[in-house]
Each structure stands twice: as C-alpha cells, then as structure tokens.
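Student: I am new to this structure and would like a close look at a single part of it. Please start with whatever I need in order to follow the description, then go through that part step by step.

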Amino acid sequence: MRIFAIADPHGNYLKIKGLLEQAGQIDLALVAGDITNFGPDEKALELFELFDVPVLAVPGNCDHPSILDVLDSSKAVNLHHKSYTVNDTVFIGSGGSNPTPFCTPFEMQECDIGSGIEEMIVAAENDKMDTVLLTHAPPYGVLDEIPSGHVGCTSFSALIGRVKLIVCGHIHEARGVVRAKGTVVVNPGMAASGYAALIEMKEDEQKNKIEVQLLHF
C-alpha cells in the first residue's frame, strides 16, 4: 500500500499537486490536521478535490471543531475518533491537540484525546490486523520538541510498540521519521511549505516492512 501523507497545509494547497506528481501512484492519502488556518471550514473541500484516491483526515488545533461536520459531508473520510479498514490494516484517528499556550480552537485534555482509541486498537489486535494511527499532535517524546521542551501527547506515546505506524504533524520544525519499538512515527512536515511523505507498507519475507520517503516541492 502506497500512502501519501501531509500535515499542516493551513489552507495553502498550492504545493499539493507538485507533491502528488513526485509521489507517483498512490493508494490512499492521509491528512494530519490543520487543514485550514482558523477556517473557514469549507476551505477543506478544495484540498480534498485534489485527490483521486480515498482521503482519510483529522482536524488540527488550528481548525474549528465545526470542521467535523464538513468532513462528514465531504468526499474524505472523517477519521476523528473513528476507524477505517483497508484490507488487513485498520486506520484510527484523533484530531485536535493537547492544550497549548495559544488557546487555539480545537484543543482537548489528554483523557478526551484518548477517548475510544484503546478500544479500537484492542479490537484490531484481537483481529490480528495492523494498525495505523493518524493524529495531529505527535506522541510525547517523539518528533515533538520545541525550544522549551517536549510538547507531545502522552496518550499517543503509550501506543508506541502497539501500532505499526503513526502519522502526525503539529510541530512544524519536527519533520522526520523515528522508529521505536516496532512503530514508525512520521511527521511529513508542513504541507504549506511544500513538504509531504510517501509511505509504503508492504510484506517483506514474512514480516511487515514500512519504507518512508520525505518529499519536498
């Protein structure tokens, strides 16, 4: 499965077509939040029209919670606190972020961020399916560092080692790939600045292999 992943377009979608051309053939697109820059919610529809494959999306802290209604009525799949299955892989999502100093529109307490995630992961484990977690906020301690320290979400760091892949954003300066305890964590970078990631999940000699290519246009 070839996955095109972006985060933090903040309403600027000018680089997306060029990034898609770089990626080549893809099966699925993931959008890890901050789809708009504090609205309007309907701006997100312009982004989704750029894709001719299924799009799974979660909002970011700079989106208004009301964007969930737009996602529900769009061609994209609203993955916020929901799951979506592709073959033997379950995609689970959580949007918004843990609290920031900036009082942005879509912030939640840790207990609310993790709501329902554990149950969906246990169900996937029981069915022996791989799990991909799409979030806006990164796990605490992984691709989450700013000058003042780590600002990620502890609810997600507890899932490292239990899911195959985490795609996140939020921290623009933390673009990169980290492998820990069998989990691959990817921050594609800020899509508004021309960054994305191409992620390939494939079978390799009886074990799952994940390859990541960071893109820039």
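Tutor: A residue is called buried when its relative accessible area is under 20%, and exposed when that value is over 50%. The model is a predicted one. By this cut-off, buried residues make up 54% of the 217 residues in the protein.

Some background on the whole chain comes before the detail. The protein has six helices and 14 strands. Its radius of gyration is 16 Å, close to the 17 Å that the globule rule gives for 217 residues, so the protein is as compact as a globular protein of that length. Along the principal axes, the C-alpha atoms fill a box of roughly 45 × 40 × 35 Å. Among contacts with a separation of 6 or more, 64% are between residues 24 or more positions apart. The accessible surface comes to about 9500 Å², and carbon and sulfur atoms account for 49% of that surface. There are 15 positive and 29 negative side chains, and the centres of these two sets lie 8 Å apart.

The structure holds one aromatic pair. Its members are F4 and F51, whose rings are 6.0 Å apart centre to centre, with 55° between the planes, an arrangement counted as tilted. F4 lies in strand β1 (residues 2–6), while F51 is in the loop between α2 (43–48) and β3 (55–58), so the pair ties together parts that are 47 residues apart in sequence. Both F4 and F51 are buried.

Next comes helix α1, which spans residues 16–23. Its buried residues are I16, G18, L19, L20 and A23. Just after α1, G24 takes a positive phi of about 75°.

The relative accessible area of A23 is 4%; the cut-off for buried is under 20%, so A23 counts as buried.

How values were computed
Residues numbered from 1 in each chain as written. Predicted model: local features only at pLDDT ≥ 70, side-chain atom pairs only at ≥ 80, totals over all residues. Heavy atoms only, no water. Helix = DSSP H or I, 4+ residues; strand = E, 2+ residues; numbered from the N terminus. Rg over C-alpha atoms; globule rule 2.2 N^0.38 Å. Buried < 20%, exposed > 50% of the residue type's maximum accessible area, 1.4 Å probe, protein only. Contact = heavy atoms within 4.5 Å. Areas by Shrake-Rupley, 256 points an atom, 1.4 Å probe, with all protein chains shown as cover. Lys, Arg positive; Asp, Glu negative; His and termini not counted. Charge placed at Lys NZ, Arg CZ, Asp CG, Glu CD. Phe/Tyr/Trp six-rings, centres within 6.5 Å; stacked < 30°, edge-to-face > 60°.
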